[in-house]
Amino acid sequence: MLRRRGTDIIRVYQQTGSGNEDDNSLSKNLSSSQMRRAFLASTLLAGVQLTASNAYAPPGFVRIPTQFIAAIGDPDANAGIGAENWGLWEKDPGPRGVWLDDYSSLKKNDGKAPAGWQFDENDWWLEEHGLIMESPQFPLSPGRYLVTGGRLVTTVLNISEVGGKPESLQWSLEDKSAKLYDVTHSPCRSARYTPNSGGGGPETAIKRNFPVSPGAVMPEVSGCDKVDYAVLFVIGKEK
């Protein structure tokens, strides 16, 4: 996601080579290196885009350190229901994540990531570079959020109850010309995976499918069901 630096990415372990690696190992190392370069490049782009969008703030809002909404909805819609399925990362989950390559070490640590979050093999998340992420907080609390996709549109997102039922939430953008796509940061991709009868998990993910192109769907993982989520930047909340 946003503001990632190479030194921020938490590694569970560091591999060392003997100098006699075979061609398969060399190919794997080159692929990992290419993935990390793509990771850093997208970080720089996101930072530039978000800096530009930060120039706007409506009255009554206070700036906050960037947070991240995981959203599901029609990208061409201005409003909709189902926001009870939206979540919030108060911290960028990318630098706190664990590479797929390191999943075996994560398992050995009983699913405890170095950043302190707990991996759930029955409900887990991946981002576009192949990092296993902590789950966002569900549900997104009702309120007004200043959101952007880091491009041209920054507007207020309203989250409210449907018919006074706290278990049912709706969403709308105050800029009536804006669509959900306009406040989605397309380079940031995320998906939620749950094992099905195939018994899949991070170990069945195909690493060569990462990184994911901006705007593309996240890869399928054998033995798992997948739900793709859009990512919105939250840069302010009501005072």
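**Exercise 1. In which loop does Lys 207 lie, and is Lys 207 buried or exposed, or partly exposed?**

Solution. The model is a predicted one.
Step 1: Lys 207 belongs to the loop between β10 (190-195) and β11.
Step 2: classify its accessibility. The relative accessibility of Lys 207 is 38%. Buried means under 20% and exposed over 50%, so Lys 207 counts as partly exposed at its 38%.
Step 3: look for a spatial neighbour. His 129 is 78 residues away from Lys 207 in sequence, and the two C-alpha atoms are 9.2 Å apart in space.

**Exercise 2. Describe the order of secondary structure elements in the protein chain.**

Solution. 
Step 1: count the elements. The protein chain has two helices and eleven strands.
Step 2: The order is α-β-β-β-β-α-β-β-β-β-β-β-β.
Step 3: The protein chain has 239 residues, of which 46% count as buried.

**Exercise 3. Work out how strand β1 is paired with β11 and with β3.**

Solution. 
Step 1: take β11. Strand β1 (residues 61-71) pairs with β11 in the antiparallel sense, over eight bridges.
Step 2: find a residue opposite. Ala 71 lies in strand β1, and in β11 it stands opposite Ala 230.
Step 3: take β3. Strand β3 (residues 87-89) also runs antiparallel to β1, and three bridges join them. Here Ala 70 has Gly 87 as its bridge partner.
Step 4: classify Ala 71. Its relative accessibility is 2%. Because the cut-off for buried is under 20%, Ala 71 counts as buried.
Step 5: relate Ala 71 to another part of the chain. Leu 140 is 69 residues from Ala 71 along the chain, with 9.5 Å between their C-alpha atoms.

**Exercise 4. Classify the geometry of the aromatic pair of Trp 89 and Trp 125.**

Solution. 
Step 1: count the pairs. The model holds eight aromatic pairs.
Step 2: take the geometry of this one. The ring centres of Trp 89 and Trp 125 are 5.4 Å apart, with 85° between the planes. Planes over 60 degrees apart count as edge-to-face, so this pair is edge-to-face.
Step 3: locate the partners. Trp 89 is in strand β3 and Trp 125 in strand β5 (residues 124-127); at 36 residues apart, they link distant parts of the chain.
Step 4: check accessibility. Trp 89 is buried, at a relative accessible area of 2%, and Trp 125 is buried as well, at 0%.
Step 5: widen the view. Ring pairs join Trp 89, Trp 125, Phe 138 and Tyr 229 into a cluster.

**Exercise 5. Where does Arg 151 lie relative to Tyr 181?**

Solution. 
Step 1: identify the position. Arg 151 lies over the face of Tyr 181.
Step 2: give the distance. Arg 151 is at 4.6 Å from the ring centre of Tyr 181.

**Exercise 6. Characterise the second largest pocket by its volume and its lining.**

Solution. 
Step 1: state the volume. The second largest pocket has a volume of about 220 Å³.
Step 2: list the central residues. The lining comprises 13 residues, and Gly 73, Pro 75, Thr 184, Arg 189 and Ala 230 are the closest to the centre of this pocket.
Step 3: sort the lining by type. Seven of its residues are nonpolar, four polar and two charged.
Step 4: name the main contributor. Strand β11 (residues 224-238) gives the most to this lining, with three residues.
Step 5: connect with Exercise 3. Ala 230, among the residues closest to the pocket centre, is the residue in β11 opposite Ala 71.

How values were computed: Residues are numbered from 1 along each chain as its sequence is written. This is a predicted model: local features need pLDDT of at least 70, side-chain atom pairs count only at pLDDT 80 or more; totals for chains, interfaces and linings use all residues. Side-chain values use heavy atoms; hydrogens and water are left out. On a 1 Å grid over the protein atoms alone, a cavity is a set of points where a 1.4 Å probe fits but cannot get out, and a pocket is an open set with protein on both sides within 12 Å along at least five of seven lines; lining residues have an atom within 4 Å of a point. Grid points are joined across faces, edges and corners, and a volume is the space filled by probe spheres set on the points. Helices (H or I, at least four residues) and strands (E, at least two) are DSSP runs, numbered from the N terminus. Ala, Val, Leu, Ile, Met, Phe, Trp, Tyr, Cys and Pro count as nonpolar, Asp, Glu, Lys and Arg as charged, and the others, Gly among them, as polar. Two strands pair if DSSP finds at least two bridges between them. Rings of Phe, Tyr and Trp (its six-membered ring) pair if their centres lie within 6.5 Å; planes under 30 degrees apart count as stacked, over 60 as edge-to-face and the rest as tilted. Buried means under 20% relative accessible area, exposed over 50%, partly exposed in between (1.4 Å probe, protein chains only). A charge sits over a ring if NZ of Lys or CZ of Arg is within 6 Å of the ring centre and within 35 degrees of the ring normal.
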